[in-house]
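Open the model in your viewer and keep the sequence panel beside it. This tour goes from stop to stop, saying what to select and what is there.

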Amino acid sequence: MRKATTDTLPAEGGLGNEPLLAVEDLHVEFHTRPGIVRAVNGVSYSLNPGETLAVLGESGSGKSVTAQAIMGILDMPPARVPKGEIRFRGTDLLKLSDEARTQVRGQRIAMIFQDALSALNPVFTVGWQISEMFRVHRGMNKRDSVKKAIELMDRVRIPAARQRVNDYPHQFSGGMRQRIMIAMSIALDPEVLIADEPTTALDVTVQAQIMELLAELQRESNMGMILITHDLGVVADVADKIAVMYGGRIVENAPVHDIYASPAHPYTKGLLESIPRVDLKGQDLYAIKGLPPNLLDMPTGCAFHPRCPYRQDNCVTDTPPLYEISGTRGSACHYWREVLDGDQG
Amino acid sequence: MGRYVVRRLIQAIPVLLGATLFIFAIVFALPGDPIAALAGEKRQDPNIVNILREQYHLNDPLLLQYWYYISGIFLRGDFGRTFAGVPVSELMAGKFQITLNLALTALVLEAVVGILLGLWAALRRGKAIDTIILASTLLLISVPPLVTGFVLQLWLGVWLKQQVGVEIFPIAGITAGFKAYLLPGFVLAGSSIAYLTRLTRTSLVETLRSDYIRTATAKGLSRRRVIGRHGLRNALIPLVTYLGADLGTLMGGAVITETIFNIPGIGLQIYQGVYLREQPIVVGIVTILVLVYILANLVVDLLYAVLDPRIRYE
């Protein structure tokens with residue numbers, strides 16, 4: 001069965017009450033030989049212009065799959081979106097025709113990936129790859145588009161951009177390659193930028209520079225940013241709000257300072273406690289017990305219950321909804337009050 | 001780059017010497033006497049036989065004979081004479097062109113058919129057409145050119161002509177010009193087409209799984225551009241290598257095809273040369289083939305650096 005599609009592109013200009021991007025009850029599943037993998041099970045989050053949403057979670061939590069669903073770059077099949085909405089400026093992207101979807105992709109919602117070396121095409125120069133955005137989407141000629149590419153390379157602070165525009169990706173360092181990737185993604189002033197672990201493959205010092213650059217670009221253009229990461233350290237400085245994912249669901253969402261001050265889900269709490277701290281030097285590093293859930297065979301009830309220190313009997317049977325703690329906070333834990341109080345059940 | 005080419009050419013010398021010595025020794029070891037063969041069943045004058053044996057150095061040991069021969073080629077460009085007195089270079093000149101025509105026809109057929117079928121299969125991976133193409137390549141690989149040659153001769157040469165009344169594919173010879181090369185070209189390319197189809201399919205499927213293809217999609221490029229520019233450009237790299245190296249194989253493989261279709265190229269010539277123990281012909285042709293092989297591979301390696309900027313030669 002094909003869904004009804006429309007060619008109407010999302011509106012531009014004012015937003016009214018509608019958030020810039022709203023994911024609602026999104027489900028993504030993969031049909032594989034051993035069975036159906038439910039990678040995303042009812043994720044909802046929203047993003048406003050100029051806002052940074054950090055999506056936190058370990059591998060397999062569904063954070064990247066959600067992002068790829070927003071971009072529309074999942075391979076379907078094997079992927080399927082049986083349920084949910086991805087509203088961009090009020091238009092459900094999932095109902096758009098392929099044609100209209102392609103118009104949104106890259107131009108209005110852009111994405112940068114983890115490993116820039118493999119994410120850039122090895123046989124084309126970086127200048128060619130950046131300028132392609134202008135040639136394809138803006139109909140620019142070669143000379144003007146390369147000029148634009150050099151401007152962008154300057155903007156992401158690549159030294160000697162003019163001399164390096166005809167170099168190939170492998171001739172750059174890791175940090176510089178990620179800057180190229182960023183230059184390419186912001187080429188057409190997208191309204192939403194999705195950064196999928198943009199600093200994971202980089203040195204710590206370079207990580208900070210890249211995050212700074214992203215924050216700066218965001219301030220200049222007021223774009224909304226979704227920052228996908230498993231690194232809590234990266235998040236604190238740049239994010240406005242955080243959504244923590246576990247087993248394909250959001251287990252906690254909150255403004256960034258609330259989460260650091262008082263986590264309301266045992267998983268978030270575990271994550272925070274496992275950050276190395278200078279003042280606890282010499283002590284054993286905390287680790288969450290157990291392993292991430294097997295997506296083919298999810299635990300019943302709360303997916304986190306096998307690893308949870310707060311577990312009660314009903315956690316095994318009842319899947320917790322995302323309880324509303326306040327207007328801006330939610331936690332998918334039956335015992336969020338106890339977690340907030342710091343009382344180890 | 002220049003130094004690289006020179007180094008490769010120097011490396012080619014021992015390869016060339018080794019290959020020619022090997023062939024020379026094999027023909028040397030063949031039973032039978034070429035001078036005796038000249039006269040067929042008739043009796044020969046022992047004096048003349050002796051003069052001829054002297055003239056062709058047949059009484060000398062193997063290595064000395066080889067030295068006379070190879071120094072002739074490299075120092076004087078002289079490929080020697082056949083036992084009937086015809087210069088080998090003269091004999092090869094026209095025939096080499098014919099075989100080159102045949103091999104190039106086969107190479108073009110291989111490239112066009114193989115790459116197109118491979119792309120088709122890759123883009124319809126898992127669908128019926130993919131399975132059909134893969135099964136056909138298996139068939140093409142398993143059936144030797146001896147069989148495909150005669151079968152196609154019968155079907156497309158004889159039967160089709162009877163049906164339409166016009167000769168579309170000549171059965172033998174090269175008097176019909178370009179179209180005479182089509183059928184033998186296809187037979188010669190047969191298993192190469194199959195291998196190239198499979199290689200193309202694998203290469204494109206693998207390329208389309210890469211991260212940079214995902215990036216290209218995320219840039220909002222059309223599927224056509226993602227596959228046609230970003231995918232194909234990368235998927236082509238191993239195919240060029242294969243095609244280049246295959247030119248030498250095709251020229252060598254022409255022996256059977258030329259015999260089936262009675263094409264007077266070096267393949268047929270080498271066959272007759274072996275049959276008549278005409279050492280100069282056999283070794284001369286092999287020397288040229290080895291040279292073609294080495295040069296084709298050198299060109300491929302240089303092309304590789306053009307296609308893949310990550311590779312640099314110094």
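Which open sheet of chain A has four strands, and in what order do they stand? The open sheet of four strands has the order S2-S1-S4-S5 in chain A, with antiparallel pairing.

Before selecting anything, note how the model is described. This is a predicted model, in which local features need pLDDT of at least 70, side-chain atom pairs count only at pLDDT 80 or more, and totals for chains, interfaces and linings use all residues. Residues are numbered from 1 along each chain as its sequence is written, while chains are lettered from A and ligands numbered from 1 in the order in which they are written.

**Stop 1: chain A as a whole**

Select chain A. It has 13 helices and 12 strands; helices (H or I, at least four residues) and strands (E, at least two) are DSSP runs, numbered from the N terminus. Along the principal axes, the C-alpha atoms of chain A fill a box of roughly 65 × 55 × 45 Å. A compact globule with 345 residues would have a radius of gyration near 20 Å, and the 21 Å of chain A agrees with that. The radius of gyration is taken over C-alpha atoms, and the globule rule is 2.2 Å times the number of residues to the power 0.38.

**Stop 2**

Strands of a sheet pair through backbone hydrogen bonds, either parallel or antiparallel. Here, two strands pair if DSSP finds at least two bridges between them.

Select residues 21–32 and 35–47 of chain A. These are strands S1 and S2, which run antiparallel and are joined by 10 bridges. A hairpin through two residues joins S1(A) to S2(A). To see one bridge, pick A:Ala22, whose partner in S2(A) is A:Ser46.

A:Phe88 has A:Thr91 as its bridge partner in S5(A).

Now select residues 63–71 of chain A. This is helix H1, which lies across S1, S2 and S4 of chain A and runs at about 105 degrees to S1(A). Axes are lines fitted to C-alpha atoms, for helices over the stretch in contact, and angles run from 0 to 180 degrees between N-to-C directions.

**Stop 3: the eight-stranded sheet**

Stay in chain A. Eight strands form an open sheet in the order S6-S7-S8-S3-S9-S10-S12-S11, and the pairing is mixed. Its edge strands are S6 (109–112) and S11 (323–326) of chain A, each pairing on one side only. Neighbouring strands of this sheet are turned by 20 degrees against each other on average, direction ignored.

A:Ala195 has A:Leu227 as its bridge partner in S8(A).

For an antiparallel pair, go to S11(A) and strand S12 (residues 329–331) of chain A, joined by three bridges. These strands form a hairpin with two residues between them. The bridge partner of A:Glu324 in S12(A) is A:Gly330.

**Stop 4: helices of chain B**

Select residues 88–123 and 128–142 of chain B. Helices H5 and H6 pack at an angle of about 140 degrees, with their axes 8 Å apart. H5(B) and H6(B) are therefore oblique to each other; angles under 35 degrees count as roughly parallel, over 145 as roughly antiparallel, 65 to 115 as roughly perpendicular and the rest as oblique. Residues of H5(B) in the contact include B:Leu117 and B:Trp120, and those of H6(B) include B:Ile129 and B:Ile133. Two residues are in contact if their C-beta atoms, placed from the backbone, lie within 7 Å.

The axes of H6(B) and H8(B) come within 8 Å and cross at roughly 145 degrees. B:Ile133 of H6(B) is one of the residues in this contact.

**Stop 5: where the chains meet**

Show both chains. The contact takes 18 residues from chain B and 21 residues from chain A. On the side of chain B that touches chain A, helix H9 (211–218) and helix H10 (223–261) each supply at least two residues. H9(B) gives the largest share of that side, six residues.
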